[in-house]
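Student: I would like to go through this model with you. Shall we take the ligand site and then the backbone?

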Amino acid sequence: MAESSTGPTTYMKVSAWRDIYACQPELPKSAKGTLAAPSGVRPMPTTLTARDHNRQRRVVSHAFSDRALKEQEYLLHKYSDMLVSRLRGLARKGTTIVDIYNWYNFTTFDILGDLCFDESFHCLENAANHDWIIEVYDSINKAKVMTVFQHFPPLDSIIRSCLPSIIRQKVRKIFDFTRQKIDERIKRNPDRPDFMHYILENNHKGGMTRDEIDATVTVLVLAGSGQTVTHKEIRDATHNDPTNVTVEAVSSLPFLHAVLQESMRLRPVVPVGNPREVNRPGLSICGVPVPQGCRVSIPPKTAYHHPSKFVDAESFIPERWLPDAPPRFSADEKEIFEPFMVGPRSCLGRTPAWMEMKLILAKIFCAFDVRLAEELNVGNWTDVKIHFVAETKPLFVALDSKT
Ligand code: HEM
């Protein structure tokens with residue numbers, strides 16, 4: 001347990017996951033560290049009270065039902081095939097070096113654009129991020145400064161009132177874009193099972209307001225993207241043919257699963273703690289009483305990199321996650337690893353995230369021989385600045401087409 005004058009009290013024991021994030025009644029999210037949309041409404045993941053959050057999650061969760069995921073699977077194939085085809089084009093004349101981090105992002109943004117707005121962002125076609133995505137990341141950078149001042153209330157209101165209009169306009173532009181795209185999507189009323197279809201179909205009386213939908217969809221596009229060996233098991237399961245890569249074929253490959261787990265351990269998608277407010281007396285976390293008014297969290301990146309939790313914690317060793325892991329990893333405290341969080345606010349996109357990561361990786365390794373372009377990668381890939389999410393950093397790899 002660690003305390004600071006402005007930050008939350010942090011915990012690194014496994015039982016803290018349950019005590020902080022899955023206790024009943026739920027501990028509210030802290031307003032510090034997150035901002036509302038210009039409409040004044042918070043997107044679902046940063047909604048403060050359990051009541052408001054449950055009301056919204058009941059609507060949004062329909063977009064993640066088994067039926068919905070099955071119906072949306074073709075989009076994962078469409079864009080992962082497009083990724084392979086774009087990279088094959090680049091590798092036609094021999095080895096090509098690409099920033100694979102960028103290409104994975106292009107793919108996931110196109111998928112999310114299609115799922116949320118019935119229209120891809122065309123990142124894969126253009127080999128570039130859409131302007132809206134660039135604006136969003138730029139605003140996240142600026143917003144982090146605002147959240148620092150939230151810890152000093154008198155300064156916060158002064159800074160807010162002096163906020164340059166250019167930043168205000170920037171943020172408004174981002175949310176205006178979402179509103180416009182959703183308006184267009186509603187007007188077109190396409191007959192397809194995308195996220196909006198499920199959200200609108202299940203938004204009955206007492207569900208979500210239009211401002212809540214707009215704010216939540218903006219975050220959903222971000223939550224679902226930007227995350228993301230040739231190995232014998234992929235070859236055996238698919239015979240090195242990307243068209244044999246199906247969700248079923250890749251879902252039960254233990255080494256592929258282990259590679260992704262180890263990647264998320266070293267570079268967690270949500271690296272910093274999610275603070276919760278202790279809103280009542282008598283609460284204990286890991287058996288220790290916590291005063292009312294305290295903010296509490298688990299800092300995932302710190303926990304996942306801690307030598308007391310993982311043997312050789314800074315090294316990439318997927319084997320530690322295998323059912324028959326070498327004995328030296330028996331000391332790993334794997335239960336501390338919760339990349340999708342636990343409790344009523346845990347990740348709704350866990351299943352599609354696994355499907356997407358496995359499909360994309362398997363198709364890439366079927367189509368290409370891949371090696372790290374060590375000479376171009378600067379410093380340690382896990383060493384990144386963290387705003388709300390981890391900063392983007394190129395990951396250069398050399399690709400050779402197998403066909
Ligand atoms: C490797 C991929 C992913 C990881 C590690 C991840 C992790 C997380 C985490 C830790 C949270 C909780 C954040 C918080 O409480 O502030 C979260 C929330 C959420 N995630 Fe993911 N996520 C991933 C991919 C996705 C995808 C692909 C989607 C959708 C297509 C998605 C949709 C959501 C939604 C809707 C929430 C909000 C849940 C709520 O507030 O009830 N995520 N995710």
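Student: Which elements give two or more residues to the shell around the ligand?
Tutor: Keep in mind that this is a predicted model. The ligand is surrounded by 20 residues; the closest are Pro-45, Gly-224, Cys-347, Gly-349 and Ala-353. Two or more shell residues come from each of helix 10 (210-223) and helix 15 (350-367).

Student: How many residues of the shell are nonpolar, polar and charged?
Tutor: Cys and Pro count as nonpolar here, while Gly counts as polar. On that scheme the shell divides into 14 nonpolar, 4 polar and 2 charged.

Student: Is Cys-347 buried, partly exposed or exposed?
Tutor: An unreviewed UniProt entry annotates Cys-347 as "binding site". The residue sits in the loop between helix 14 (300-304) and helix 15. Cys-347 has 19 C-beta neighbours inside 10 Å, so Cys-347 is partly exposed.

Student: Asp-118 has a positive phi without being a glycine. Is Asp-118 buried or exposed?
Tutor: Its phi is about 65°. Asp-118 lies in the loop between helix 4 (100-117) and helix 5 (123-126). Within 10 Å there are 20 other C-beta atoms, so Asp-118 is buried.

Key: Residues are numbered from 1 along each chain as its sequence is written. This is a predicted model: local features need pLDDT of at least 70, side-chain atom pairs count only at pLDDT 80 or more; totals for chains, interfaces and linings use all residues. A residue is near a molecule or strand if its C-beta atom, placed from the backbone, lies within 6 Å of it. Helices (H or I, at least four residues) and strands (E, at least two) are DSSP runs, numbered from the N terminus. UniProt positions are given in the numbering used here, feature names are shortened, and annotations may be inferred rather than shown by experiment. A residue is buried if 20 or more other C-beta atoms lie within 10 Å of its own, exposed if 12 or fewer, and partly exposed in between; C-beta atoms are placed from the backbone.
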